[in-house]
Amino acid sequence: MHKDKVLMFMVVATEAVFFTLLILAYLYFHATSGEGAKQTALLDPLRTFYFSMFLFTSSFTVWRAEKNVDKKNFGRSRFWLLVTILFGITFLVGQGIEWTGLIRHGETVSTNLFGTTFFTLTGFHGMHVFVGLIVLSILLGISMLGDFQQPRTANSVGVVAIYWHFVDIVWVFIFSLVYLQVLS
Amino acid sequence: MHGTTMIFLVVMPLLIGFANYLTPLMIGARDIAFPRLNALGFWMLFFGSLMLYFSFIGGGAPAAGWFSYAPLSEKPYSATPGLDYWALGLLFMGVGTVSTAINLNVTILKYRIKGMSLKRLPLFVWMVFVNGFIILFALPPLNAALVMLLVDRQLFAHFFKAVYGGSALMWQQYFWAFGHPEVYIMVLPAWGMISEIIPVFSRKPIFGYGFVAGSTVAIGLLSFGVYAHHMFAVGLGHPFDFAFAFTSMAIAVPTGIKIFNWIATMWGGRIRFTTSMKYATAFIVLFTIGGISGVTFAVIPVDWQVTDTYYVVAHFHYVLFGGTIFGVFAAIYYWFPKLSGRMLSEKLGNWHFWLTFIGFNLTFFIQHFVGLIGMPRRVYTYPDMPGWAWMNMVSSIGAFVLGISVLVFLWNLFISLRQGKPAGNNPWEAWTLEWAATSPPEEHNFELVPPVRGRRPLWDLAHPDQPDWKLNKSEE
């Protein structure tokens, strides 16, 4: 395996521990800490599901971008990168709608333990999506400048794709545990 | 601040600095895998530390101990921004540390020279490798706890505030899930240093290479399962306490294995007591004392009796000073010629060693007893109880001796850098690859790397008639 990919897998491993602990905090308070931690009725699982589909699908599109770099179809790879970025933005818009709705309801990070854990968890996830979007945009930019044609940089899309899949998988867990409440 | 500084700004940078410098040299690589990321890690440490120390002028230093227990660390009890700087600074340094650990591990996985299989890896590199994985999985709990604390303090959230249903205990769980593996982060590379130094000055290969490496892996895994022995006094319940008492005793086994390996390496060797070797030998003795007092904490009633007393202070100074810092001094005397091209003065080194050894034991050994008779830690003064005053006086005298020893050391560094004997490439007749490079090494480390067919490539090079790989089939 290329050293860049080894690097990214280690980044993902350490990040996974971080998110596991944030999720554990949410679940712990949800299970033990009274009504204030159980305000999940305020959430809109169906709407979030629609927006989540964009994030889930973007794992597929970034994979297409990676494969097309391998096949040296740089134009197509750029197309799929752009689609990935747009899907990611759409997901973040959905998160924005969710957050503003909650805040209008008076549910903020300091209202109760649901707010505390929910906003911290989804906030950090959203921040990771946002960072991913920045990196993907950089990739798109340098691809338009004609990079990825040398073997030294050919890996880049594949490496970022590992990160993007990870962000996606974290959302699978958050969505099923927080919105679908599969454990409660 | 003393704890935080010593752990994050002294011990870890010293160890990771050595790892950073030596790992590429020892595996025959030209540099670390990602030099720019490496620089990023360094600057994150640098600016993180500035942020931590900015607290002194930015409203008052954090005053909740290095573990900053909630709710003491929450706004109502620590109103100044000191703790915010503390948390932000540690967050920065933590991310920097993780990036460097990943960098080192990718280097070890991908940049080994031909022939340098994992079974031939120098033990220092083995320890750095295992250490990297501990860092990878132990730092995120700290970072998670820190961001939760910051969200609590800055955004008025309720993670650790019991009044709102939050849990102060969760801070302790998360903190020690980091805090105990951290103890191993702070000692593994020192073990690696000792495992390089003792064989060279005993003129024998390490005894039981596989056991040293294997027990390190065992410690890496076990280190995540012992943390709650820091919390026996909290009242977690008997089943929980017993489980952690058991694992805490179990982790002493792979640690003991290493002690026996080092002693067996020295046994029957032609020992050269250079300053470096003196420090390495003292390491074995002092670390064993610290290790044994550590096991006593695994006995829950003993822990209840001595928790938060000077007995604990004595214990972890034997581990971290008598262990890690003695290991680092051994390493400095051993590798300084490689770093600078000049030898450190053995005469001053001898003074430095004995002053450190005497000063250290004077300061900390008596604290076992001060603690056993009940003197609490973290209180700046103490009542006039029989015996307490003279014991504390002994401790203070020891601390001054220790202070003088550091001056001797600094003088030695200063004078040897200017007038030290030129070292040559391999002053200790050592066997690992860094001694094949010039002293100091060139920017790309090596022109030519000798062939690696065993664990001691330079021995093989010097003794073509009886190389290791002919005698020892396990190195194939």
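**Helix packing in chain A**

H4(A) and H5(A) cross with a left-handed sense. Keep in mind that this is a predicted model. The axes of these two helices come within 10 Å, and the crossing angle is roughly 160°. An angle over 145 degrees counts as roughly antiparallel, so H4(A) and H5(A) are roughly antiparallel to each other.

Which residues meet there? On the H4(A) side they include A:Phe118, A:His125, A:His128 and A:Leu139. On the H5(A) side, A:Ser156, A:Tyr163, A:Trp164 and A:Trp171 are among them. By class, this contact has 15 nonpolar residues, five polar and no charged.

Now the partner on another face of the talk, helix H2 of chain A, residues 45–70. Its axis and that of H5(A), residues 156–179, come within 10 Å and cross at roughly 160°. That makes H2(A) roughly antiparallel to H5(A). This crossing is left-handed. H2(A) contributes residues including A:Pro45, A:Phe56, A:Trp63 and A:Glu66, and H5(A) contributes, among them, A:His165, A:Asp168 and A:Tyr179. The classes here are 13 nonpolar, five polar and two charged.

Last, the interface. How many residues of chain A are in contact with chain B? The count is 23 residues of chain A against 27 of chain B. Helix H1 (3–32) and helix H4 (113–144) of chain A each give two or more residues to that side. H1(A) has the largest share, 14 residues. The chain A side divides into 15 nonpolar, seven polar and one charged.

Conventions
Residues numbered from 1 in each chain as written. Chains lettered and ligands numbered in written order. Predicted model: local features only at pLDDT ≥ 70, side-chain atom pairs only at ≥ 80, totals over all residues. Contact = placed C-beta atoms within 7 Å. Helix = DSSP H or I, 4+ residues; strand = E, 2+ residues; numbered from the N terminus. Nonpolar A, V, L, I, M, F, W, Y, C, P; charged D, E, K, R; others polar. Axes fitted to C-alpha atoms, helices over the stretch in contact; angles between N-to-C directions. Parallel < 35°, antiparallel > 145°, perpendicular 65-115°, else oblique. Left-handed = near helix turned anticlockwise from the far one by under 90°.
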